[in-house]
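Please look over the sequence and the fold together before reading on.

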Amino acid sequence: MFGHTALLLFHPCVLDTAEQMGKTHKMRSSAGLMEITELTDKFTFNPKEGIDNPVMVTTEDTDSVWTLSPRLCVLKQEEGGSYGFHLRVERGLQGHIIRNVVSGGVAGRSGLQDGDRLLEVNNCYVDDVSHPEVARKITLSGQQLCLLVLDGEQYEQALSRGHDLRSLSIAHKAEGCKPPRLCHITRDPASGLGITFTPVEGEKGRFSVNLFPRGAAEQAGVCKGDQLVWMNGAKVSDLTHSALSRMMKKCGEHITILVIDSESQKNYMRQRMPILPSMAVPHNLPNRARKLHLVSGADGYGFLLRLEKKPTGRTFHVLRQIQSGSAAERAGMQDGELLLEVNGEPVETLTHGEIVDRVRLSRHQVSLTTITFKGMDFYTQLGLSPLLFCEDGVVREKESSVSAAAAEQPAQKEVDGSCKPRHCTLQKGPSGFGFHLGCFPQGPGTFVSQVAFGGSGQSAGLFEGDVVMEVNGQNVEEKYLEDVIKLVEEGGHLLFLLVREVMGDNKFKQTETHVSDTEQEEDNYEISYL
């Protein structure tokens, strides 16, 4: 597969990227749970051309061909089981690495192999995504999972030759292939849902969409010519037209459907790839989970966390007693919401005390994912995780309040022991460095006004309110915002910052979150003030 690799080791500059040729191979396991698609990108190296090294000797006239063959593996999880592999990041190796593939398990039958590198999860490129976020995408996928992987040796070869893995991932998809859409339709009093379905002639379980012009369905994101994939949690490939019609009659005032355009559906079918809700772009979905970003004040975050038991018997971690003017209120927290995540970690399996510990360890800022009870019921009925379509909460921690507090403090050259400067190294990702800069209203100096959750800035240890002292080794305490931004841009894909916490104002001096001792209520459920 890797002909004349010795030549490359002697003279890497003569490797030439030639015409890329795509080729698709399809396989099916005996268990019926495997779908593998291979894409071949052909790179041709001609040893007769471009050689300027007199000590190089070649003995063959034929071209050497190096191929990259990513594989699409479709995993169908068995009820109550696991996928049967581990995902790891290992010292000295790059990429998300597949390990401990269980022989005869779901992953093994899908074609996953030990050492494979993960390129995509459910059509989403993840090679440059943080490991926790990749693991989260896999966990939220549900019973089916589509992974695009590359053999470990090929992955290392591709990196050493400077091959663009994102381009390889894009080339695996057919040109113009679009993701499915998950659309929530609310009945219009006059025109109803504004949609009907027609069976595709000669193809069982396939239905095309018919729309009423400017009707409820069209306004919810459904397009003319779309194909119906899924309705209210049920795959329509398992339904007859009469069964589908009965579902429509029973849907009431709302209906949630998964649709895709006909050309994209053909591409998915050619690759034998299932069309999953976890791949979808949400349209008009109600009651979505929200990520709230809180920066603690002198009195903590200003809400109560309570473990409550509902009539169904299930227990939830519920947010209560939002204090007026608190960080929780400014972040948009609502009384009675359920807590789903702390700093991206699901709380479903955590105890009350463990959640409090997570918040305490977050110091003076924390990210909480919440949802209403109504929202939890909605996604549970659809059979979907509410975390799949989480949206960023309205940022109510106004930058002006941070600026005002920071403005009261002149740029200080000396820092006491509690606010020692910190070095933060950031690598630019798909969404940039993952933070925003703000400036003091009157005079020079900049500070971190917002840190994107899960971004490079958060990973590097930046906090909202941090004062920027140096950018790439150059002092910027007396520079204005536009000059600092220019220095950041000139640094390329790596950024070295020296920052310190805001000092002086009482509400910034408190660096530890105030969390009261956990109390026990009469019904033996736990409650903590945060």
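A residue is called buried when its relative accessible area is under 20%, exposed when it is over 50%, and partly exposed in between, with a 1.4 Å probe and only protein chains considered. The model is a predicted one, in which local features need pLDDT of at least 70 and side-chain atom pairs count only at pLDDT 80 or more, while totals for chains, interfaces and linings use all residues. Residues are numbered from 1 along each chain as its sequence is written, and side-chain values use heavy atoms, with hydrogens and water left out.

By this rule Arg320 is partly exposed, because its relative accessible area is 21%. Arg320 is placed in strand β20; helices (H or I, at least four residues) and strands (E, at least two) are DSSP runs, numbered from the N terminus. A contact means heavy atoms within 4.5 Å. Not counting residues up to four places away in sequence, Arg320 touches Phe303, Leu304, Arg306, Glu308, Lys310, Asp335 and Gly336. Gly336 is 16 residues from Arg320 along the chain, and 5.7 Å separates their C-alpha atoms.

Consider next the chain as a whole. It has 15 helices and 32 strands, and buried residues make up 48% of its 530 residues. Among contacts between residues at least 6 apart in sequence, 67% join residues at least 24 apart.

In soluble globular proteins, nonpolar side chains tend to be buried together. A nonpolar core is a set of buried Ala, Val, Leu, Ile, Met, Phe, Trp, Tyr and Cys residues joined through side-chain atoms within 4.5 Å. The largest such core here has 38 residues, and Leu165 and Leu182 have the most contacts inside it. Helix α11 (residues 373–382) gives the most to this core, with four residues. A second, separate core has 23 residues, among them Ala217, Val236, Leu239 and Val259.

Leu165 also belongs to helix α5 (residues 165–172), where Leu165, Leu168, Ser169 and His172 are buried. Seen down the helix axis, these buried residues fall within an arc of 100°, so they line one face of α5; the arc is that of the directions from the helix axis to the C-beta atoms. Beyond its neighbours within four places in sequence, Leu165 is in contact with residues including Leu119, Tyr125, Asp127 and Leu150.

Helix α3 (residues 131–140) has Val134, Arg136, Ile138 and Leu140 buried. The cover over the buried residues of α3 includes the strands β6 (86–88), β8 (117–121), β10 (144–150), β18 (290–295) and β21 (338–342). Just after α3, Gly142 takes a positive phi of about 95°.

How many aromatic pairs does the structure hold? There are two. Rings of Phe, Tyr and Trp (its six-membered ring) pair if their centres lie within 6.5 Å; planes under 30 degrees apart count as stacked, over 60 as edge-to-face and the rest as tilted. The rings of Phe316 and Phe373 have centres 5.6 Å apart and planes at 85°, so this pair is edge-to-face. Because Phe316 lies in strand β20 (residues 315–320) and Phe373 in helix α11, the pair ties together parts that are 57 residues apart in sequence. Phe316 counts as buried, at 11% relative accessibility, whereas Phe373 counts as partly exposed, at 25%. Phe378 and Tyr379 also form an edge-to-face pair, with 4.9 Å from centre to centre and 85° between the planes. Phe378 is buried, with a relative accessible area of 15%, and Tyr379 is buried, with 0%.
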